[in-house]
Amino acid sequence: MPISVSDMQPILTVDRIEVRYGKVVAATDISLVIGKGEIVTLLGPNGAGKTSVLKAIAGLVAPADGRIAFDDGKTVHELAGKPGHVLAKLGIAHVPAQNIVLPRMTVEENLEVGGRFLMSDRAALQRSVRSLMDRFPILAERRTQYAGLLSGGEQRQLAIARALVAKPRLMLLDEPSIGLAPKTLGEIFGLLKRINREDGIEMLLVEQNVVKALELANRAYVMRVGAMDFSGPCEDLARDERLANAYLGS
Amino acid sequence: MAEYLFEQFLIGISTGAIYAIVAIGYNLVFGVMNVLNLSHGAVMMVGSFGVLLLFYLGIDNFWLAVAFGIALALVTGLLVERIAVRPLKGNWWNIKVATLGAAMFLENFVTRLTDGRPMPYPRPFKPVYYTIVGDFEVSNVQLFLIACSLGLMVAMMLFLRHTTPGKAIRVVAQNPDLAQCVGVNVQQTMVLGFALSAALAGCAGILNAVTFGSTYPFVGQFLGLKGLVILIVAGIGNVRGCLIVALVLGVLESFSVVAGGSQYRDLVAYSALVLTLLVRPHGLFGEEGRTGREI
């Protein structure tokens with residue numbers, strides 16, 4: 001049963017933001033919403049500006065225009081212009097596309113870092129790290145290894161687990177499929193689905209792997225160079241020829 | 001002869017430990033901000049003169065003077081960060097020139113205030129010599145200097161490894177974007193790295209002045225260069241490597257003085273630098289591809 005935008009309570013509302021690097025405009029007039037319980041994916045060809053939009057939501061670049069509102073269940077926070085570490089404290093966990101682990105720290109230290117700056121209760125942090133190691137057996141197995149020595153799939157799992165340590169409200173994932181073998185990719189996407197269902201964490205996913213992203217997400221937004229093109233429920237978009245046109249050029 | 005060698009060995013260890021503190025000061029700023037702070041040596045000099053300033057003002061307490069010297073170095077370092085580093089927004093070459101300018105300003109400012117001659121330096125206490133075995137002797141000042149330098153190094157390593165601000169520094173050094181994602185205030189951590197580096201510079205300047213019994217306005221040039229040599233030979237970003245290379249270099253320098261005279265002292269350090277750059281440009285303990293953005 002697809003969720004329609006009208007009867008949804010948005011936890012994130014992005015309203016006509018513009019992202020620019022100096023004079024270069026990366027994306028303009030971008031609006032999107034994420035409803036309660038949803039996984040939303042942001043698609044589009046290379047260079048469309050998807051990562052820039054994600055970075056603006058995560059606070060790694062300040063949007064030049066527009067507003068971003070985040071409802072954490074109690075209050076609505078204005079995010080635009082706040083730095084990334086403040087957003088992390090509000091419960092927004094961003095997993096970038098590349099360089100996703102701290103290579104010169106062990107797996108266990110990487111996990112601990114995920115909550116060290118966000119949780120004041122040290123005992124709760126230790127409990128959270130331990131329960132994540134139970135949930136990700138490969139990380140427990142590798143806990144004393146340097147994270148830089150893990151395989152791509154293991155690093156991806158570690159980054160996702162680290163984002164979960166402080167129990168976030170919303171996860172922003174930049175190309176979780178990048179560099180993964182098809183089998184590992186299936187595992188990671190299955191993991192994301194479980195996290196969404198079991199932990200009740202909403203997700204915004206930037207993806208190049210359109211087929212997999214449409215399978216995982218509830219709704220999709222499709223960007224064209226620097227602007228939003230169209231959006232809709234994933235099962236409709238999977239048969240929509242506008243999607244092919246967006247990638248191949250119409 | 002054996003006693004003389006032993007004495008030189010002790011001198012080597014204590015100068016080596018001071019070099020290590022200097023190199024780690026560079027490393028902290030380089031790590032968190034990816035910039036080379038060429039005013040580091042001048043900040044050491046300011047620390048050493050801070051001690052003298054308090055004596056000059058009539059407060060005759062060595063330990064209070066040391067605290068004041070370190071605090072003065074810290075404030076100077078923070079001012080350099082505010083004036084010569086932060087406004088340049090990470091521009092590698094501009095920051096090198098600006099911090100070099102800050103060093104020249106500080107050195108000439110102090111020269112102006114003091115007429116530039118080497119100034120005799122107070123000692124923490126009267127030297128007492130203890131006999132270990134036979135003719136092997138060690139003074140309490142020597143022991144104190146070695147204990148202070150090594151203690152500072154160990155404290156620094158424990159701080160970086162186990163405390164929350166120490167971890168923040170290590171996370172920012174590895175990946176500033178990721179640091180934000182896990183809730184680290186990157187700007188604040190950079191200032192903390194700069195402050196720690198400046199305080200360490202102050203300590204190094206004071207320890208060096210006590211070792212040689214004097215200080216002068218350009219003392220930081222020689223110490224600062226030695227620190228840089230160690231940073232490059234050990235490999236940027238490696239605290240333990242810095243300590244090992246610094247101690248070995250200190251002892252080798254001391255023995256080269258025994259073997260050939262004091263003119264060979266610097267030859268050892270710079271030969272090590274040239275050899276490292278030829279054979280292993282990322283340093284003995286460094287990782288390939290981590291030699292900074294544009295050097």
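Is Gln8(B) buried or exposed, judged by relative accessibility? At 9% relative accessibility, Gln8(B) counts as buried. Buried means under 20% relative accessible area, exposed over 50%, and partly exposed in between, with a 1.4 Å probe and protein chains only.

The model is predicted: local features need pLDDT of at least 70, side-chain atom pairs count only at pLDDT 80 or more, and totals for chains, interfaces and linings use all residues. Residues are numbered from 1 along each chain as its sequence is written, chains are lettered from A and ligands numbered from 1 in the order in which they are written, and side-chain values use heavy atoms, with hydrogens and water left out.

**View 1. Gln8(B) and its contacts.** Gln8(B) lies in helix α1 of chain B, residues 2-33. Helices (H or I, at least four residues) and strands (E, at least two) are DSSP runs, numbered from the N terminus. Leaving aside residues up to four places away in sequence, Gln8(B) touches Ser254(B), Phe255(B) and Val258(B). Contact means heavy atoms within 4.5 Å.

**View 2. Confidence along chain A.** The average pLDDT of chain A is 91, and 96% of the residues score at least 70. pLDDT is the predictor's confidence in each residue, from 0 to 100. Among the elements of chain A, strand β7 (residues 170-174) has the highest mean, 96. Helix α10 (residues 241-248) of chain A has the lowest, 82.

**View 3. Helix α3(A) and its cover.** Nine of the 10 residues of helix α3 (residues 107-116) of chain A are buried. Among them are Val107(A), Glu109(A), Leu111(A) and Arg116(A). The cover over the buried residues includes α4 (122-135), α5 (137-141) and α6 (152-164) of chain A. It also includes α5 (140-162) and α6 (164-174) of chain B.

**View 4. The largest cavity.** A search of the whole structure finds two cavities of 30 Å³ or more. On a 1 Å grid over the protein atoms alone, a cavity is a set of points where a 1.4 Å probe fits but cannot get out; a pocket is an open set with protein on both sides within 12 Å along at least five of seven lines; lining residues have an atom within 4 Å of a point. Grid points are joined across faces, edges and corners, and a volume is the space filled by probe spheres set on the points. The largest cavity holds about 50 Å³. Its lining includes Leu60(A), Ile92(A), His94(A), Gln180(B) and Cys181(B). The largest share, three residues, comes from α2(A). By class, the lining has six nonpolar, three polar and no charged residues. Ala, Val, Leu, Ile, Met, Phe, Trp, Tyr, Cys and Pro count as nonpolar, Asp, Glu, Lys and Arg as charged, and the others, Gly among them, as polar.

**View 5. The second largest cavity.** About 30 Å³ of space lies here. Asn37(B), His40(B), Phe194(B) and Ser197(B) are among the lining residues. Helix α8(B) gives the most, four residues. The lining divides into four nonpolar, four polar and no charged residues.

**View 6. The second largest pocket.** Its space is about 800 Å³. Of the 28 lining residues, the closest to its centre are Arg161(B), Arg170(B), Gly237(B), Asn238(B) and Val239(B). Helix α1(B) gives the largest share, five residues. The lining has 14 nonpolar, seven polar and seven charged residues.
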